[in-house]
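Me: I would like to learn how to read some features of a protein model. Can we go through them one at a time?

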Amino acid sequence: MTETLTKGFTRAGVEALSRLKGEPAWMLEKRLAAWETYEQTPAPLGRRGDLGIMRRVAEYKLEKLVPFAANGASSNGHVALPAWESGLLVQHNSNVVASELDPLLSAQGVLLTDLDTAVREYPDLVQKYFMTGVTANTNKYTALHGAFWSGGLFLYVPKGVKVSRPVLARYLLDQPDATNFAHTLIIAEPDSQVIYIEETASSLPEGATALFNGVAEIFAKAGAHVQFNAVQDFGPGVYNVTTKHGVPEKDSYIHWIVADLGADTTLANLGTTMAGSGSNGDIVGVLFATGKQLIQINTLSEHAALSTSADTLFKGVVDDDARVDFEGLIKVAPGAQQTNSYLSDHTLLLSDQARAESIPSLEIAANDVKASHGATTGQIDAEQLFYLMCRGVPEEEARRLIVQGFFEPVLEKIPSDELRSRLRRSIVRKMTKGTQVVDETEWHDVTDQWDIEGAGAEAVQIAGGDE
C-alpha cells in the first residue's frame, strides 16, 4: 500500500480511503455516517470561547493535512519481541508497519493485529464493538476519526487467559502535514487479564505540523482486569487530540495510567462507564507542560450500576508560558447506589507566567453515595526551597527534588518498571530543558546525595497535593 490521499477532508476522501483499503460495505457505511456527523457538528470551543485551549484546536487548518499516507509499507512486517513484552505493534504515520505476538499467547486464542486486518478477518467482533464505547456523536473530532481512522490496534483476550507481560504499541509521526488516526480496540473476555502500553513520538522538521487524532475503546467483561498505560511524548508541531473510554462490566476493572508530556497542543478526553455491579475505573495521570504548550484534560467517571468505585488522581507541573486546564466529572446515575468515587487534581506552577485551571464537578442522581473532589494549585513554597538549600542542596537541584517528590506518589502506582523509568527520564528531560537525562537510579540518588531523608515526601505537600 503506497498510495497517499490528497490534502483535506471530504466525503470523496472517505470513499477513496475505504476503496484503498478494500473494506466491506458495512465499514464504508460507518465511515460515511461518521462523516455526516462531522459535517453537522460544531467544533467545541470550551467555556472561555476564543481564550480557551479548545479554540486553538478548532482553528487548526485541517485542509492542509493529508488524511492518509502509507509510507510505502505494509502491515506484514515482523519485529523481535523484547523479553518484557508479550506483543508489539508499530504504526508509522497512517499505516501499521509491523506487529508481533508471543506464539504461546496465540495458541491460547489471543488476537493481536492492526485494526484494518481485524475488519477483514474478525468482522463479527469489530462490527459489534467498533465506535460503540466512543461514538461519532461524542464530539467533532471523534466523528472525524470515525470517518478517516486508519491502522491502530485490535487486541482480543479470550475468557480466563491472563497475559502476564505487557502488550506495547508505538505510534510515530514524522511527515509534515501528516495524520495518524490510530484506533485502539481492546476486548477482554470474562476473568481475563492484560496490560497494554501505548507510546507516541514524533520527529518533524522545524516549523512543520501534524495531527494525531486517536481513539481507544476498552471492553472488560465480568471479572476481567485491563490496565491501559499511555505515554504521550510528541515533539514540537504536533496537535494531539485523543478520546479514550472504557466499559467495565460486573466485578471487572479498567485502570488508566496516562502521561501527557509533549505536543504543542493537547485535547484529551478520558472516561470510564462502570456498567456492571462491583466494577472499578481508576484513573492516574501525570502532566508536565513547558514552553508554550497548551494541555486540556477532561475526565469522566460515570457510575451506572450498583457498588461501583473509581479514584481519579492527576498531578501536573507547569513551567514557562505553558497552560494546563483540567475538567473532571463524577456522574452517578439514578439507581447507582453504594457508589464510591473520588476526584483530585493537583498542579505545581514553576513560573509566574504559567497558568492552570482546575474544575472538578459532581453530578449525583442517587442517595446512597460517597463522592467527593478536591483540587489545588500553587507554586514551590519558598520555605521548602530554603529548607533544602540550607541542607547544602543547590537551588536547581532543590527545585528538581521538589518536583520529583511531587510526582513520585503517582509514579509509584505504575506497575511496569520499564514505563516508570521511561516517565522519570522524560520528566527530568523536561525539568532540565533537554540538557540532562538521568536513569532511575540517579532519580532516587538525588535524595541520598544530599542526605535529605524524607525531603521528597515533604515536597509532595507543597501544592497541597497530599494523598
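Me: Which backbone nitrogen does a side-chain oxygen of D381 reach at the start of helix α8?

Reply: Some ground rules come before that. This is a predicted model, in which local features need pLDDT of at least 70, side-chain atom pairs count only at pLDDT 80 or more, and totals for chains, interfaces and linings use all residues. Residues are numbered from 1 along each chain as its sequence is written, and side-chain values use heavy atoms, with hydrogens and water left out. Helices (H or I, at least four residues) and strands (E, at least two) are DSSP runs, numbered from the N terminus. In α8 (residues 382-390), the oxygen of D381 comes to within 2.7 Å of the backbone nitrogen of E383. After α8 comes G392, with a positive phi near 95°.

Me: How many residues of α9 are buried?

Reply: Buried means under 20% relative accessible area, exposed over 50%, and partly exposed in between (1.4 Å probe, protein chains only). In α9, 13 of the 17 residues are buried, so the helix is largely enclosed by the rest of the structure.

Me: Where does α9 have a kink?

Reply: The bend at a residue is the angle between axes fitted to the seven residues ending there and the seven starting there. In α9 (residues 395-411), a kink of about 25° lies at G405, shortly before P409.

Me: Which way do the residues of strand β13 point?

Reply: In a regular strand the side chains alternate between the two faces of the sheet. In β13, T265, L267, N269, G271 and T273 point one way, while T266, A268, L270, T272 and M274 point the other way. Ten of the ten residues of β13 (residues 265-274) are buried, so the strand is largely enclosed by the rest of the structure.

Me: Which strand do ten bridges join to β13?

Reply: Two strands pair if DSSP finds at least two bridges between them. The strand is β15 (residues 294-303), and it runs parallel to β13. N269 stands opposite N298 in β15. Eight bridges join β11 (residues 238-248) to β13, also parallel.

Me: How many aromatic pairs does the structure hold?

Reply: Rings of Phe, Tyr and Trp (its six-membered ring) pair if their centres lie within 6.5 Å; planes under 30 degrees apart count as stacked, over 60 as edge-to-face and the rest as tilted. The structure holds 15 such pairs. The centres of the Y129 and F219 rings are 4.8 Å apart and their planes are at 45°, so this pair is tilted. Y129 lies in helix α6 and F219 in strand β9, so the pair ties together parts that are 90 residues apart in sequence.

Conventions:
A polar contact is a pair of N or O atoms within 3.5 Å; within protein, one must be able to donate a hydrogen and the other to accept it, and residues adjacent in sequence count only if both atoms are side-chain atoms. The expected span of a helix is 1.5 Å times one less than its number of residues.
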